Amino acid sequence: MTSSLYEFKESNSGSYTLKAVVTDPSGNYDSATKTWNVTVQSKYYSSGNRIWDEGLGLSRTYTWNAQSYSGFYYDLDSGVSSEEMTIKDIGRNIDSGNIEYVTRPTETDFEYKGWGSYQIIGFMAEKYFAGYNDNTTVEGVDDVSLISDGVLAKILIDSDDKESAYSGDSFELEDGYSLNIVEVDVNGNSVWVQLEKDGDVVDDNFISSGQDYVYETEVGEAEDVPVIIIHFGTVFVGTETSAVFIQGIFQVSDTYVELASGDSFGEMEVTSLSSNEIKMKNEDDISLDKGDTIDLMGKIQIQVADDSTLRFAPILDTSEEGIYELRGTVYDKDVDGDSLPTWTPLNFEGFYYSIDEGIGTEQLEIKELKDRTIPDGALVYTSKPQPVQFEHKSWGNFTVVGFMAKKYFAGYPEGAVGGKIDDVSLLSDSVLSEVLTDSDDKRSMYSGDSFELEEGYSLNILEVDINGNSVWVQLEKDGDVVDDDFITSGADYVYETELGEAEDIPVIIVHFGTVFASTETSAVFIEGIFQISDEYIEINSGDTFDEMEITSVSSDSITMKNEDSIGLGEDETVDVMGDVKFKTADDKTLRFYPFVEVETESNSSRELKINLPGEVIIGDTINIEVTAADNPIEGITVKVNTTSLGKTNADGIVEYTAEEEGTFKITAEKDGYTTANKNMKVIPPKEKMSLNITPETVYVGDTITIEALKTVGGNPIENVNISIDGTAAGKTGSDGKFTYATEEVGKIKISATAEGFLEKSVDVDVKDYEAIFKFSNLVVDPIEVRAGKEAKITVDATNEGNAAGEYNVELFVNDTSVDSQQIALDVGESITLTFEHSEETPGEYSVKIADQETTYTVKEKSSALLYVLLGIILLLVGGIAYMFTKGGWTVATLQAKVDELVKSANLKK
């Protein structure tokens with residue numbers, strides 16, 4: 001008897017019967033028939049796709065491998081992979097043990113070809129070193145299987161880059177290792193190397209030209225594991241320079257993951273472990289509820305569509321900082337031959353796909369392949385807009401289109417938003433715009449409220465009709481009013497503008513639910529917001545994007561083709577269009593795949609944090625602040641339980657007024673950020689408390705009295721908890737008082753808490769002992785003085801402090817320092833200081849010493865000339881005749897006498 005294997009293909013669904021006739025060597029025969037039903041799906045919905053969709057009639061047992069899920073490890077150069085996951089009896093509930101994950105070590109070549117190959121293994125979507133085997137040709141390296149010892153270690157370096165080094169040079173490796181070239185042999189035969197770990201020497205050796213340096217250590221339970229291998233090429237000695245050439249470096253981390261049967265990773269448990277494989281199964285039942293994302297194991301998650309039809313797929317958690325590659329299925333010439341690839345969102349995770357509605361729009365197809373070249377026009381990209389439902393369901397659908405792996409708004413169908421919007425196609429006007437907001441979050445707003453939209457827009461609630469029939473709204477853009485309208489209860493506000501050649505495009509839609517008016521409050525309830533960007537991209541026939549050129553744009557589709565041939569050389573990355581690239585294997589066999597890279601910033605910069613008061617009192621209006629890495633983040637949607645408060649402003653703040661008692665969940669979320677949650681406790685109003693501290697001025701060692709009183713009424717409060725700088729000190733007595741002895745100089749914070757009262761805190765400055773100088777009795781004598789004459793200024797000084805001290809007493813006249821005296825006084829000692837001061841210019845003068853001030857007057861000088869003239873007059877009247885007749889005076893003699901008198905008067909001024 002012989003057996004044969006036949007392939008059977010059908011392109012149509014239906015019932016098929018196979019009849020088999022078996023003949024033995026004697027000519028006898030037997031026959032058997034088999035009838036089965038065949039459901040033929042699109043070639044994109046096969047076991048090679050990552051999405052499992054109940055609506056497509058797929059098998060209830062489904063397997064994902066590195067071809068259908070890009071998260072699993074795949075070695076493009078060798079074309080091998082190791083991870084596989086099978087789910088049996090798929091339904092909304094996956095029974096315990098029905099998810100089976102298997103990974104097996106595979107062979108891969110060292111980058112330095114002279115070393116042969118080693119084993120690697122993918123584990124939970126990450127690549128690990130599995131061991132060395134018979135195909136490892138490094139001298140002195142024996143077979144090593146890390147996984148048989150329950151150990152997995154990361155590969156840190158695998159390089160064949162050539163580098164030269166000289167005596168004294170040091171090579172920095174990973175994990176704190178460095179290799180020092182201590183000395184090169186003068187004969188050029190060997191090199192002395194020394195290995196350091198975190199600055200400590202852990203090994204040294206002499207390596208000859210063409211040899212390998214191998215450093216072994218323990219990695220978990222595995223002993224003598226070569227973690228560093230370095231190939232030394234030529235050792236060169238010249239008349240002036242000695243050098244060594246390194247041609248290969250391989251390093252495995254000495255930090256590791258330990259595995260043992262029974263270990264759990266997320267929902268999965270290790271069920272078996274050997275040198276050949278690792279197996280895991282789900283420990284417990286797993287529910288695939290609508291809209292769930294399940295942390296299955298490691299970075300691998302399961303995303304479930306928010307839809308009544310069960311649809312789910314494995315995805316990679318990309319929340320940690322790093323660059324992640326989302327790739328499509330691989331074309332392998334040895335495997336696929338002339339069956340040329342077509343990529344859609346189902347086998348290329350980089351393309352836009354809405355799992356909630358099972359919608360994707362993009363397709364990339366290779367029509368012809370000549371050796372390693374795609375001829376011009378043979379790479380065809382098409383994207384066809386698809387309808388998706390608004391989050392606010394009553395609005396119906398809008399259309400989206402993926403373009404070069406990004407999602408864009410394409411238009412509104414006829415009758416969208418309750419018939420308020422006519423058929424609109426941005427594509428027909430060669431325009432694409434991003435969707436900024438699509439939400440059905442409910443929120444209440446009052447007259448005078450405003451909520452922030454994207455791109456500088458804000459919607460203001462100017463006034464609510466007192467009859468509760470309508471609301472007056474005003475739309476601002478960057479602070480300028482661009483529209484206003486009156487919206488009735490249950491109606492939609494629509495704002496239209498131009499986007500390039502497309503006119504009257506609704507870019508903002510807001511649904512207003514109930515409009516409520518009472519004697520005290522008027523409010524409106526918003527139940528849906530949709531916004532697209534008014535910053536758009538234009539796409540026209542003839543536009544080029546890297547290798548691709550747009551050949552047609554219409555309301556139905558975008559088509560692009562490569563304008564020139566595309567070469568697929570070994571180990572190349574080809575920019576195809578936008579973020580979409582091809583990566584080829586470093587191998588003679590043509591093997592390549594499309595991919596896009598997703599970069600995630602550090603967790604701290606993408607992790608949202610909610611800041612709000614520890615206690616919120618009913619009636620209080622508080623700021624809820626949202627930050628990431630201590631920076632305020634604008635445009636974060638903040639919810640209280642399920643009610644949206646709107647988006648944070650440029651300061652990362654949204655206001656909230658507490659209306660009822662209880663504990664509320666505050667949620668902050670925005671695409672590209674990790675969602676933050678925090679509980680907020682709202683409590684009934686509390687009485688206010690006052691704190692009196694005596695004495696007012698406190699010195700170190702003083703005992704202070706802290707008195708807690710009701711702010712209203714001033715009654716003492718008993719059993720108030722008093723803390724000093726956060727440390728509990730005691731409670732107030734029935735008189736509301738508590739005493740505390742100060743011990744150190746500096747500021748202390750006194751806090752008081754009591755049930756039913758608001759917390760109260762005051763700061764007290766505890767001073768060191770000091771001299772305190774007080775001044776009094778500032779006197780100027782005389783109070784009026786002639787210019788040039790000195791006035792006596794006196795002041796009393798007393799040291800009223802608690803320590804002896806010195807003081808520089810300054811005299812200020814008209815705010816200018818004119819004199820000073822240094823004094824030293826003991827505690828309680830007094831002194832009277834005297835200053836003498838004169839001014840030449842008449843006028844009013846202010847005098848100031850410390851805090852004492854007074855004034856005095858400076859008068860003009862007396863006129864001596866006046867007296868001289870009076871004397872002359874007397875001479876003239878009484879005896880001038882005599883002097884001229886009897887005394888022998890002449891006119892000249894009289895003039896000389898007058899001059900002498902004037903001079904004498906001036907000298908006396």
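**Close-up views of a predicted model**

**View 1. A salt bridge joins Lys 639 and Asp 441.** In this predicted model, the side chains of Lys 639 and Asp 441 come together as a salt bridge, with an N to O distance of 3.2 Å. Lys 639 belongs to strand S62 (residues 637-640), while Asp 441 sits in the loop between strand S42 (431-439) and strand S43 (443-446), so the pair ties together parts that are 198 residues apart in sequence. Lys 639 counts as buried because its relative accessibility is 15%. Asp 441 also counts as buried, at 16% relative accessibility.

**View 2. Asp 338 and Lys 333 form a salt bridge.** The closest N and O atoms of this pair are 3.7 Å apart. Asp 338 counts as exposed, with 70% relative accessibility. Lys 333 is partly exposed, with a relative accessible area of 39%.

**View 3. Five strands make up an open sheet.** The order of the strands is S59-S66-S65-S62-S63, and their pairing is mixed. Strand S59 (616-617) and strand S63 (643-647) are at the edges with a single partner strand each, so one side of each has no neighbour in the sheet. Within this sheet, strand S65 (residues 662-669) pairs with strand S66 (residues 676-683) in the antiparallel sense over 7 bridges. Lys 665 stands opposite Asn 679 in S66.

**View 4. Strands S27 and S28 form a hairpin.** Strand S27 (residues 293-297) and strand S28 (residues 300-304) are paired in the antiparallel sense, over 4 bridges. Ile 294 has Ile 302 in S28 as its bridge partner. There are 2 residues between the strands of the hairpin, and Gly 298 takes a positive phi near 55 degrees.

**View 5. The rings of Tyr 69 and Phe 72 pair edge-to-face.** The whole structure holds 44 aromatic pairs. In this one the ring centres are 4.9 Å apart and the planes stand at 80 degrees, so the pair is edge-to-face. Tyr 69 is buried, with a relative accessible area of 0%, and Phe 72 is buried at 1%.

**View 6. Tyr 132 and Phe 250 form an edge-to-face pair.** Their ring centres lie 6.4 Å apart and their planes are at 70 degrees. Tyr 132 is in strand S12 (residues 126-132) and Phe 250 in strand S22 (residues 242-258), so the pair ties together parts that are 118 residues apart in sequence. Tyr 132 is buried, at 2% relative accessibility, and Phe 250 is buried, at 0%. Both belong to a cluster linked by ring pairs, which also includes Phe 110, Tyr 112, Trp 115, Tyr 118 and Phe 129.

**View 7. Charged ends sit over the rings of Tyr 593 and Phe 595.** The charged end of Arg 327 is over the ring of Tyr 593, 5.8 Å from its centre. Lys 583 places its charged end over the ring of Phe 595, 4.9 Å from the ring centre.

Terms used
Residues numbered from 1 in each chain as written. Heavy atoms only, no water. Pairing = 2+ DSSP bridges. Phe/Tyr/Trp six-rings, centres within 6.5 Å; stacked < 30°, edge-to-face > 60°. Buried < 20%, exposed > 50% of the residue type's maximum accessible area, 1.4 Å probe, protein only. Lys NZ or Arg CZ within 6 Å of the ring centre and 35° of its normal. Salt bridge = Lys/Arg side-chain N within 4 Å of Asp/Glu carboxyl O.
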